[in-house]
Amino acid sequence: MLGAMQDWDLRVTRIIDHAAREHAGREIVTRWADGSETRTNWAEVRRDALKMTQALQKLGVKKGERVATMAMNHSRHLVSWYGAVGVGGVLHTINPRLFDDQLEYIANHAEDQVLLYDHAFAPIVERMKPRWNTIKHYICYDNGEFEDWIGAEDGNTEWATGDERDPCMLCYTSGTTGNPKGVLYEHRSTMLHAITSLQPSIFDFDATAVMLPVVPMFHAAAWGLPWGGAAAGVKFVFSAVNDAAVLCELMNREKVTHSAGVPTVWLATFQHMDATGITLPTLRHAIIGGSAAPRFMIERLMKAGVNVAHAWGMTETSPIGTTGAKTFDWADLGFEAQVDIKQMQGRVPFGVELRTVDLGDPSVVLPRDGKTSGALQVRGPWVIKRYFKAEADTTDAEQWFDTGDVAILHPDGTLQLTDRTKDVIKSGGEWISSVELENAAVGHPAVAEAAAIGIYHPKWDERPILVVVKKKGEEVTAQEIRDHLAKSVAKWWLPDAVEFVDEIPHGATGKISKKDLRDQFRDYKLEDA
Ligand code: AMP
């Protein structure tokens with residue numbers, strides 16, 4: 001026997017229908033790369049997405065086929081998200097910062113049919129065209145091309161219908177080895193993720209929110225913001241350039257209440273604020289994720305009265321896994337204790353389950369004792385089952401996804417990420433967390449960025465070294481850094497050497513690339529080795 005409630009399939013086009021109906025006039029502001037600005041709203045975004053749906057039909061795009069974008073954050077990109085899924089297609093957001101070989105691989109692997117791109121990325125597109133085998137149509141967002149293309153349609157059409165488990169979006173994640181892997185989100189998984197994302201401890205969205213997402217729409221689905229934001233009817237403020245001065249000016253002029261970005265973005269914002277004396281009086285909710293938020297960053301935001309949602313997630317988890325949800329006794333905790341909690345990766349919302357297993361023997365599930373670290377596994381309705389085009393295998397039945405992260409789970413469920421399984425440093429049979437060393441190092445006032453890697457040592461197997469970029473105009477010695485670290489980490493964790501460099505390599509999503517750093521220091525010899 002089935003229940004007797006209505007059929008209302010969880011398809012993401014319902015989100016834009018809702019936004020256009022209930023929040024029609026709420027604005028979407030875009031500051032373009034050339035400095036110009038445009039304003040649209042949720043009703044117009046829906047109308048334009050319907051027009052795009054018709055235009056895609058004319059190009060012959062069929063249900064399930066991939067429509068790719070290579071673009072920064074702006075309103076035309078937002079229209080394309082809903083237009084691509086509206087035709088029944090699969091939106092594939094390509095990260096323009098990938099290497100050519102990766103760009104070639106993913107577009108061919110995805111079998112993209114259409115590519116919409118920013119004029120700024122035209123050189124990449126021209127270079128890659130001969131290597132892309134399946135893309136039949138190229139449409140530029142700028143110079144009136146996109147407007148003319150959809151402008152030829154009347155928008156008088158319906159969204160494609162289908163099963164709520166149909167795919168709607170494809171994101172590739174570039175691991176440290178091998179080809180990038182595709183994560184194929186469903187309408188249902190995306191919808192459940194969007195509904196969950198609205199809660200106070202995650203995006204804290206309602207119709208009063210003015211959100212400036214700095215996280216790019218090509219990185220882990222911009223953390224789901226374009227879906228969740230529409231569901232709540234927020235005002236979006238997009239910037240097609242990621243420049244701290246531009247972002248701060250926009251935040252103050254448009255009275256931005258919410259923003260989201262990786263720690264480096266917040267770092268750049270702070271530097272601009274310090275240099276100019278600017279403040280962000282309207283900001284009330286800051287989402288930080290993608291890599292660990294350092295303590296001073298959390299403290300500074302909290303002191304300014306901003307609620308910090310320090311979130312952990314992955315492309316494979318849509319991406320929300322955990323955020324810094326308040327504990328029941330929050331109001332009774334002192335400021336330092338609150339920062340201690342926010343510095344960890346937080347707790348799961350309903351819908352996500354976590355466990356840790358032994359690093360050497362994954363059949364052993366570890367206790368949530370706040371001490372034991374192990375390999376982090378996750379499951380839930382918006383967590384990947386298998387990568388795009390991968391064959392079904394026995395791990396499907398298991399339904400626990402191996403995150404590649406190393407973590408401690410606390411008795412109250414708080415997740416404390418200690419490393420990546422590939423980055424953790426093994427010294428004398430014990431683990432040293434590279435992340436903790438880095439977090440402690442960036443707490444030093446003269447350190448702009450730091451990365452710890454393991455270097456071969458004949459006795460200890462590996463010993464950590466710390467690679468440091470100094471802040472402009474600041475001086476600090478290796479010994480001063482070691483003294484600073486000694487305040488927060490065990491003595492045997494202290495790096496054997498501190499190397500100063502001008503720059504630390506970053507990957508396509510702006511995170512430190514430990515693989516490149518390890519390559520750079522491949523022949524490095526420790527003094528006593
Ligand atoms: P991506 O799929 O590119 O977003 O990368 C996901 C990975 O980023 C995770 O597996 C973590 O290793 C790392 N990560 C994400 N959020 C955090 C966080 N708040 N703290 C530390 N690492 C994080």
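Modeller: Here are questions and answers on the chain as a whole, its sheet and a few residues.

Modeller: This is a predicted model: local features need pLDDT of at least 70, side-chain atom pairs count only at pLDDT 80 or more, and totals for chains, interfaces and linings use all residues. Residues are numbered from 1 along each chain as its sequence is written, and side-chain values use heavy atoms, leaving out hydrogens and water.

Biologist: How do you know whether the radius of gyration agrees with a compact globule?

Modeller: The rule is 2.2 Å times the number of residues to the power 0.38, with the radius taken over C-alpha atoms. For 529 residues a compact globule would come near 24 Å; the chain has 23 Å, so the two agree. The C-alpha atoms fill a box of roughly 70 × 55 × 55 Å along the principal axes.

Biologist: How many helices and strands does the chain have, and what makes a run count as one?

Modeller: The chain has 16 helices and 23 strands. They are DSSP runs, numbered from the N terminus: helices are H or I with at least four residues, strands are E with at least two.

Biologist: Is Ile195 buried or exposed, and how do you know?

Modeller: Ile195 sits in helix α7, residues 187-197. Its relative accessible area is 53%. The cut-off is over 50%, so Ile195 is exposed.

Biologist: Why is Thr317 called buried?

Modeller: Thr317 lies in the loop between β13 and β14. Its relative accessibility is 0%, so Thr317 counts as buried. Contact means heavy atoms within 4.5 Å. Leaving aside neighbours within four places in sequence, Thr317 is in contact with His193, Val378, Trp382 and Val383.

Biologist: What makes β2 and β14 edge strands?

Modeller: Two strands pair if DSSP finds at least two bridges between them. The open sheet has 8 strands in the order β2-β1-β10-β9-β11-β12-β13-β14, with mixed pairing. β2 (37-41) and β14 (320-322) each have a single partner strand, so one side of each is left without a neighbour in the sheet.

Biologist: How do you know that β12 and β13 pair, and in which sense?

Modeller: At least two bridges are needed. Strand β12 (residues 285-289) and strand β13 (residues 307-313) have 5 bridges, in the parallel sense. Ile288 stands opposite His310 in β13. Helix α11 (residues 295-303) packs on the sheet and touches β12 and β13.

Conventions:
Axes fitted to C-alpha atoms, helices over the stretch in contact; angles between N-to-C directions. Buried < 20%, exposed > 50% of the residue type's maximum accessible area, 1.4 Å probe, protein only.
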